[in-house]
Amino acid sequence: MKKLDLLIVGAGQRGQAYAQYALENPDRAAIRAVAEPREFHRQQMARRYGILPDKLFGDWKEPASQKKMADVVVIATQDKMHTEPALAFANMGYDVLLEKPMAPTEDECRRIVDSAQRNDIMFAVAHVLRYTNYTRKLKEIVDSGRIGEVISIQHLEPVGYWHQAHSYVRGSWRNEAESTFMLMAKSCHDLDWIRYFAGASCTKISSFGNLKHFKVENKPAGAAKRCLDCAVESACPYSAQKIYLGMYHAGQHNWPVSYITTDISEEGILAALRDGPYGRCVYDCDNDVVDHQVVNMEFANGVTASFTMTAFTKMTHRQTMFFGTYGQLKGDGERIEIYDFLTDQTEIIEVNSKAADLTGGHGGGDMGLMHSFVDAVSSRDKSKILSGPAETLETHLMVFAAEKSRREGTVVTL
């Protein structure tokens, strides 16, 4: 198959994750250009992938104003910055891989999908959960009829107490006006995944949730505005020192440590905590997104599903139960348990979530997505994309409907 040239728009954590595919598969893809406003990240990608100086851009509008320089554009900017580059590069005839969520408004999502379909490009949204070995095995079992007809699904996203503090209290997705609402930012993955297994369109949806814990009235007595100045810091599970210095001393020098500073040293981390947003008290930030939420769904085929997203867990794999007419199934990202009603027996299947061909983040989903998208582009076969424009729009509309339900206290019909 043809080796593809890629343009990366946004060289942060997600852009770097997808670009990694070219290092692991140099016969399939090469990073030819990058658009990134931050000098450190732009130059880091240039060194890693050997990008020529004239293909380093500080703004996506620069490559968009030139003749087409790659086969594929990977758009991994912040959520609110997806729409303009997605439309521009689709109109130029680029095949587009767009980080999730598509966009923070329903109108923008519709415009992006319309542009992808009108230009007849290969288009995928990075719903990486669909592309893991675990999901593939789970789908194979469910579709085989092992547990009969699926009647209901129960799905948990354990965000993790420190992950919530990092990303959704102190970090870039803490404030809806600056990014988007929590269910879209964190869990559009999950509603999309549930729809994938339900096998039909969602017809009704309801949701409840709020910001309960991470607010000023829960600030402990004697707590300071910053962890480095706090007399009660050692008793706080959300302490910035505990999280970031703890990870650093344990040898974990990538995300999230690498997200708060480019100086990966104890001095660099302390400087970031002293002056930057990640050293703030979690009870004294400008966060307004929810820290827990539940969603109930009914699908056109009669399947029902419930989803729980909560900050107050150990950070671990998502956990799911499928209830079928002949049995039940439980999965946690690496282990699948199948209970058969007829035989009263349980089978356990261990899934290698990081097999040789699916390394990287999200249990191999990042590279699984890249494998599928590169194959689809090379062969011009859209069936190899599991998260194409039409169904992705449908699942984003589920998320918007769930948030409408949460805010208005209504059951929303789709």
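A: This is a predicted model, and over residues 355–359 the pLDDT stays under 50, although the model has 15 contacts beyond four places in sequence for that stretch. Where pLDDT is low, the predicted coordinates should not be read in detail.

Q: And what is the mean pLDDT of the protein chain?

A: The mean is 95, with 98% of the residues in the protein chain reaching 70 or more.

Q: OK, on to the fold: how many helices and strands are there?

A: The protein chain comes to 13 helices and 15 strands, and its C-alpha atoms fill a box of roughly 60 × 60 × 40 Å along the principal axes. Its radius of gyration is 22 Å, which agrees with the value near 22 Å that a compact globule of 414 residues would have.

Q: How much of the chain counts as buried?

A: Of the 414 residues, 56% count as buried.

Q: Switching to rings, how many aromatic pairs does the structure hold?

A: There are 16 aromatic pairs, and one of them joins F89 and Y94 edge-to-face, with 5.1 Å centre to centre and 85° between the planes.

Q: Are those two buried or exposed, and why?

A: F89 counts as buried because its relative accessibility is 0%, and Y94 counts as buried because its relative accessibility is 0%.

Q: What sits over the ring of Y94?

A: The charged end of K68 does, 5.3 Å from the ring centre. Elsewhere, the charged end of K139 sits over the ring of Y196, at 4.9 Å from its centre.

Q: Which residues do ring pairs link into a cluster?

A: That cluster consists of Y161, F214, Y238, Y283 and F312.

Note on methods: Residues numbered from 1 in each chain as written. Predicted model: local features only at pLDDT ≥ 70, side-chain atom pairs only at ≥ 80, totals over all residues. Heavy atoms only, no water. Phe/Tyr/Trp six-rings, centres within 6.5 Å; stacked < 30°, edge-to-face > 60°. Buried < 20%, exposed > 50% of the residue type's maximum accessible area, 1.4 Å probe, protein only. Lys NZ or Arg CZ within 6 Å of the ring centre and 35° of its normal. pLDDT = per-residue confidence, 0-100. Contact = heavy atoms within 4.5 Å. Helix = DSSP H or I, 4+ residues; strand = E, 2+ residues; numbered from the N terminus. Rg over C-alpha atoms; globule rule 2.2 N^0.38 Å.
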